[in-house]
Amino acid sequence: MDSTTKKKASPGSEKKAHLPKLPFHNIAISLSGGGFRATSIHLGVLSYLSTKVFQGSSLLERVRILSTVSAGTFTGVKYATTIKKGGTIEECYQSLYRFMTNEELVENALEYLADDSNWQGGRQRSLITAFSSIYFRDFENEKFGLLWDESRPIHLKEISFNATEFNFALPFHFHKTEKSHTKGTHEFVGNRKIHIPIEIAKEIRFSDIIAASSCFPFGFEPINFPDDFIYEGAQKLKDKFLLPHNVFDGDKIEYPIGLMDGGVDDNQGVDAVISAEYRMKHYQEELKEFRSDDKKSVDLYILSDGTNPTMESYIRSNTETMPWIGNWNFKSLRRFGIMSALFGLLVLLFACASDLKPVIMMCSVLGTIGILVALFLLITSMGFVGLTKRIGVPDFFARRLHYVDKLKFGIINNMLSNRRRSVTKMVTKVFIKHMRWFSFERVYGDPVWRPRLIMNAVFELTEAEVIKRQNKYPHFSRELMEPGPQIMEVAQRSLKMGTTLWFSPEQLSGDKILPDTVIACGHFTICFNLLEYFEKFLYNKHYKNDYDKYSEELKQELALLHVSLLEDWRKFKENPYWMVDEWNAKLGLERKRDEASS
């Protein structure tokens, strides 16, 4: 019955999928987490979009919605603050590049953490607050209120830097939104439970927003709001009476609120984009030009993904060996304990019978050590049964643990090791991957969104993915489906980078340093995906009726963009680094690479 229902529903739902009336008119983009690998590929995506002109403005200037998570927040914050102050994408690129290639980033944070003089103001002494202070000093010293400066309007209308809060286990959005006239679309910071007043939020430093969004589990502890956000000169952040203490449904808000990596809940920032699109739909008056008169207010949604979608399978360990004591069990400890006690007593008796002071001293020391070792072994030999009785475990379970006490320590160690590794993988990999696909389903499962989506992922042009795509889309052009060995090699090297918020000295050495490699991957991957978007949707015969409705002028603009993308793609196939080399040369950044190489 269920399968029949699905089959009947499918054709009907497909009819709802139409090309946007004005392709590339309004763009949304979300920047995922994934360490500095993600930060770099997003920088590549934004810088590439700035070079593609459509109907008189760049594709980057057509971005209305920006949603960032974790390491993507570095790129998003730097771009938003740069243009809000009248700067350019080139200035954003230069600042972010220099920050990422600072080899002393981790050392600076640890040095700050160790210095007692830095912790006199009441902030919690933690690794994440130390990193936040370094972000403020070396990367971004503006405050959130900058985005409310109306003297310099920018093309970004809906901005969300995303974290996860530990009070109600919900996403926490550092929103800057445009006001609309519809109930439920008002401007706020937080989530549906916790609304931080805008006047308080304006005092928050961007460095603390970056820290809240990117403090990933196991690497960092949560950063607490408002305690860890308070700094000298902050006034309203210090006044807890200004903060809401109850939510609309009666739940009480307990401060401080723990904030962690936005990727814990939604590593792609999809939720914020869906909410922003809803608000755009209700733009009125002067804001009306920034929404599309279509089924969606957004004509193209680029999901820039710097994470690896796959992971190593869990393979349980069968190794039962442990050095020295792997073949022992608790009974063995009891035997050795008794032997140690007898040894200690005999040596002490020998000391009492001796007249020589050196012998007495030596035997006294050895005898005492033997007795102490015996006590330790005999207490430990009580095993799980003895230990659990002392911590209040019910007798029903405690009495049955004597079967476990018979096991060798090597077997017990192997069982515990398998549990530890599986739980770690569950928390850090499986859960995050599950949330990733759940977030994607919110847009890919909606037929109206489908012809407006571009997934731009770091892994897409690796050899394995290229082969998979060739089998899935054999009707696509050969030029697009065969990127060549150089592109695949750069993509593979980018994918192999670990999820860290720094580049190591080794990664910053050599002819092509890793930041350049990942930025280049961002350049040619978004170029590829824009071309694929043409073949999959705009130039696809399935959508011919929609395309034929476009004006001749619009078709001409699309053709010009397509030609420009093809020219870039051919250059990328010859040299994947050509664009990153041009940017580095133009901005004087190749010197940094030469220094690292030397």
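**Salt bridges, a buried strand and backbone exceptions**

Lys78 has a relative accessibility of 7% and is therefore classed as buried (buried, under 20% relative accessible area; exposed, over 50%; partly exposed, in between; 1.4 Å probe, protein chains only). The model is predicted, with local features requiring pLDDT of at least 70 and side-chain atom pairs pLDDT 80 or more, whereas totals for chains, interfaces and linings use all residues. Residues are numbered from 1 along each chain as its sequence is written, and side-chain values rest on heavy atoms, without hydrogens or water.

The side chain of Lys78 forms a salt bridge with that of Glu140, at 3.1 Å from N to O (a salt bridge being a side-chain nitrogen of Lys or Arg within 4 Å of a carboxyl oxygen of Asp or Glu). This pair joins distant parts of the chain, 62 residues apart: Lys78 belongs to helix H3 (residues 72–84), and Glu140 to the loop between helix H6 (127–138) and strand S5 (158–165). Helices (H or I, at least four residues) and strands (E, at least two) are DSSP runs, numbered from the N terminus. Glu140 is likewise buried, at 1% relative accessibility.

Over the whole structure, 27 salt bridges are found. One of them connects Glu90 and Lys586, whose closest N and O atoms are 3.9 Å apart. Because Glu90 is located in helix H4 and Lys586 in helix H23 (residues 578–587), this contact ties together parts separated by 496 residues in sequence. Glu90 is partly exposed at 25% relative accessibility, while Lys586 is exposed at 51%.

A further salt bridge, at 3.8 Å from N to O, is formed by the side chains of Lys236 and Glu199. Here 37 residues separate the partners, with Lys236 in the loop between strand S9 (223–225) and strand S10 (257–261) and Glu199 in helix H7 (residues 198–201). Lys236 is partly exposed, with a relative accessible area of 35%, and Glu199 is also partly exposed, with 43%.

Strand S11 (residues 300–305) is mostly covered, six of its six residues being buried. In a regular strand, side chains alternate between the two faces of the sheet. In S11, Leu300, Ile302 and Ser304 point one way, Tyr301, Leu303 and Asp305 point the other way, and all are buried. S11 pairs in the parallel sense with strand S1 (residues 27–31) over five bridges (strands pair if DSSP finds at least two bridges between them). Within this pairing, Ile302 of S11 stands opposite Ile29. S11 also pairs with strand S12 (residues 453–457), again in the parallel sense and over five bridges; the bridge partner of Ser304 in S12 is Asn456.

Backbone geometry provides several further features. Most residues other than glycine have a negative phi, and most peptide bonds are trans. The Phe225 to Pro226 peptide bond is cis, with omega near 5°, and Pro226 is placed in the loop between S9 and S10. The Tyr255 to Pro256 bond is cis with omega near 0°, and Pro256 is located in the loop between S9 and S10.

Although not a glycine, Gln55 has a positive phi of about 50°. Gln55 is situated in the loop between strand S2 (53–54) and strand S3 (57–58) and is partly exposed at 37% relative accessibility. Ser70, not a glycine, has a positive phi of about 50°. Ser70 occupies the loop between strand S4 (63–69) and H3 and is buried at 5% relative accessibility.
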